[in-house]
Amino acid sequence: MSIATDQEIGLNPIPRTEFVDGFVSHINAIDQVEWLPLEQCGGRVLAEDMTSRYALPSGRTFGGDAVVMKYSAFANGNPTPEQTAAWVKGVDWAFADMGDDVPDEFDCGIRTESVEVLEGGGIRLLGDDPKVSGPESFTEPGSKMQVGDPLASAGTVLTATVLAHLASAGHTVVPVRRKVRVAFIPTGSELVTAGEVLQRGKIPDSNSYMIRQLILDAGCEPIMFPIVTDTKAALADALERARTVADLVLINGGSSKGSEDFNAVLLQRNATYYQHGVKLRPARVAAASVIDGIPHVNLPGPTMAAMVVWQWLVRFAIAKLQGLPTPVRPQALAEIAVEPSGGPKMKPEPKKDAKDGAKDPADAPKPLPDEFMSFYQVKWEDGKLMAYPGRGGHGTPSAFNAIRIAERMGALNKGDQIMVELL
């Protein structure tokens with residue numbers, strides 16, 4: 001039996017950004033809305049613009065813990081110690097802790113630490129020239145926010161501070177977009193459930209654990225399918241069932257040229273969008289399609305390659321389904337911390353002169369090279385951000401917290417500077 005060609009399996013690798021843009025443009029955001037208690041909304045996406053139900057602050061406040069007084073008492077300069085000693089609490093002065101509503105008759109204040117309270121009920125201002133703040137230091141009712149003022153717009157991710165902002169303005173139940181439901185289908189006759197006694201030739205299904213956590217981290221609802229064997233009928237049935245319950249279908253494995261690699265072919269059936277192949281390694285055989293309005297992604301079987309596809313494609317599809325903008329991660333300059341295995345990279349040999357006037361093949365136009373995603377563990381050491389290349393066995397990534405996408409140009413040397421995306 002001959003080995004299938006790229007054309008026979010529909011493999012036509014295109015640049016990564018072109019793949020992402022084409023796929024995401026065929027995905028529609030979920031517009032279903034749920035009204036939930038605020039305490040259940042962390043990480044969810046706001047479905048409607050929100051406005052304030054309160055005028056804030058509700059009272060008249062001073063900026064910090066203070067003793068408030070009457071500004072008229074300072075009309076001719078600071079009162080004498082004898083005068084302030086005779087003051088009456090509640091009449092001439094009062095305590096005003098941060099956030100307290102200050103009665104209107106008090107219109108100046110001084111920090112609590114600059115005042116001594118006397119046994120007789122009066123006070124003494126400490127220091128040679130105690131700083132007293134006038135009426136401009138008070139925040140008047142409603143000066144920060146009025147009823148109906150905007151709070152947060154639709155599409156805002158409800159982080160801890162946004163939740164506090166909504167609560168402070170009177171909201172305890174808010175409209176959020178329904179969670180994106182993501183189905184994951186592990187495939188392969190060689191796969192077995194992790195934890196089973198591992199027979200020769202079998203592979204434990206570790207990807208289900210990784211992808212499930214990634215789905216949860218993305219604020220989505222995972223729908224995990226059991227392992228599906230490599231038969232067209234079983235795979236087609238699993239895909240059909242997944243489309244009925246999920247907003248995004250991820251199928252793992254079966255995307256290359258093996259005799260049982262059917263998944264990429266199945267994703268082409270009845271697809272309104274289909275792309276198989278990306279100029280990015282180690283995920284060159286990734287595929288994506290849209291069938292019945294549902295986006296599908298075929299992640300390669302090896303764990304490292306599946307993680308690569310999640311990082312450059314799946315998370316962009318999820319953001320579109322959530323109605324969020326294109327995700328952008330912070331970048332940082334890091335220094336390679338260790339020499340790559342195998343020693344320093346080799347410098348390219350100089351070109352040899354072409355003989356007899358023949359054109360040097362090196363001068364011929366070259367196709368756009370594949371990119372390569374690499375994983376790093378970055379950490380601060382002696383004031384520098386150091387990058388340790390990810391280690392892995394059998395295609396499994398080790399712990400990492402940064403990635404780098406670049407042209408595949410060989411190993412980097414210890415001390416080289418690279419730009420990484422922080423996860």
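Cysteine 108 has a relative accessible area of 0%, so it falls below the 20% cut-off and counts as buried. Cysteine 41 is buried too, because its relative accessibility is also 0%. These values, like everything below, come from a predicted model. As a reminder, a disulfide is a covalent bond between the sulfur atoms of two cysteines. A search through the whole structure turns up 0 disulfides.

Next comes the sheet. Strands of a sheet pair through backbone hydrogen bonds, and they can do this in a parallel or an antiparallel way. Here, 6 strands make up an open sheet with mixed pairing, and their order is S15-S12-S16-S20-S19-S17. Strand S15 (221-224) and strand S17 (271-276) sit at the edges, each pairing on one side only. Going from one strand to the next, the twist averages 15 degrees. At the S15 end, the partner is strand S12 (residues 181-186), and the two run in the parallel sense with 4 bridges between them. One of the residue pairs involved is valine 182 with proline 222, the latter being in S15. Helix H4 (residues 207-217) lies across S12, S15, strand S16 (248-252) and strand S20 (294-299), and it makes an angle of about 155 degrees with S15.

What about the nonpolar residues? In soluble globular proteins, nonpolar side chains tend to be buried together. The largest nonpolar core in this model counts 43 residues, and Phe23, Leu250, Val297 and Trp312 have the most contacts inside it. At least two core residues come from each of helix H1 (16-24), S12, H4, S16, strand S19 (287-291), S20, H7 and strand S22 (371-381). The top contributor is H7, with 13 residues. Another core, of 19 residues, lies apart from this one and includes Phe225, Leu235, Leu267 and Ile294.

Leucine 250 gives a closer look at the largest core. Setting aside neighbours within four places in sequence, leucine 250 touches Val182, Ala183, Phe184, Ile185, Ile211, Val297, Leu299, Trp310 and Val314. Val182 in that list is the valine whose bridge partner is proline 222.

Finally, there is arginine 329, found in the loop between helix H7 (303-321) and strand S21 (331-336). Its side chain makes a polar contact of 2.7 Å with the side chain of glutamine 311. Beyond its neighbours within four places in sequence, arginine 329 is in contact with Gln311, Arg315, Ile403, Glu421, Leu422 and Leu423. Glutamate 421 is 92 residues away along the chain, yet the C-alpha atoms of arginine 329 and glutamate 421 are 6.0 Å apart.

Definitions and conventions: Residues numbered from 1 in each chain as written. Predicted model: local features only at pLDDT ≥ 70, side-chain atom pairs only at ≥ 80, totals over all residues. Heavy atoms only, no water. Pairing = 2+ DSSP bridges. Axes fitted to C-alpha atoms, helices over the stretch in contact; angles between N-to-C directions. Contact = heavy atoms within 4.5 Å. Disulfide = S-S within 2.5 Å. Buried < 20%, exposed > 50% of the residue type's maximum accessible area, 1.4 Å probe, protein only. Polar contact = N/O pair within 3.5 Å; in protein donor to acceptor, adjacent residues only side chain to side chain. Core = buried A, V, L, I, M, F, W, Y, C linked by side-chain atoms within 4.5 Å.
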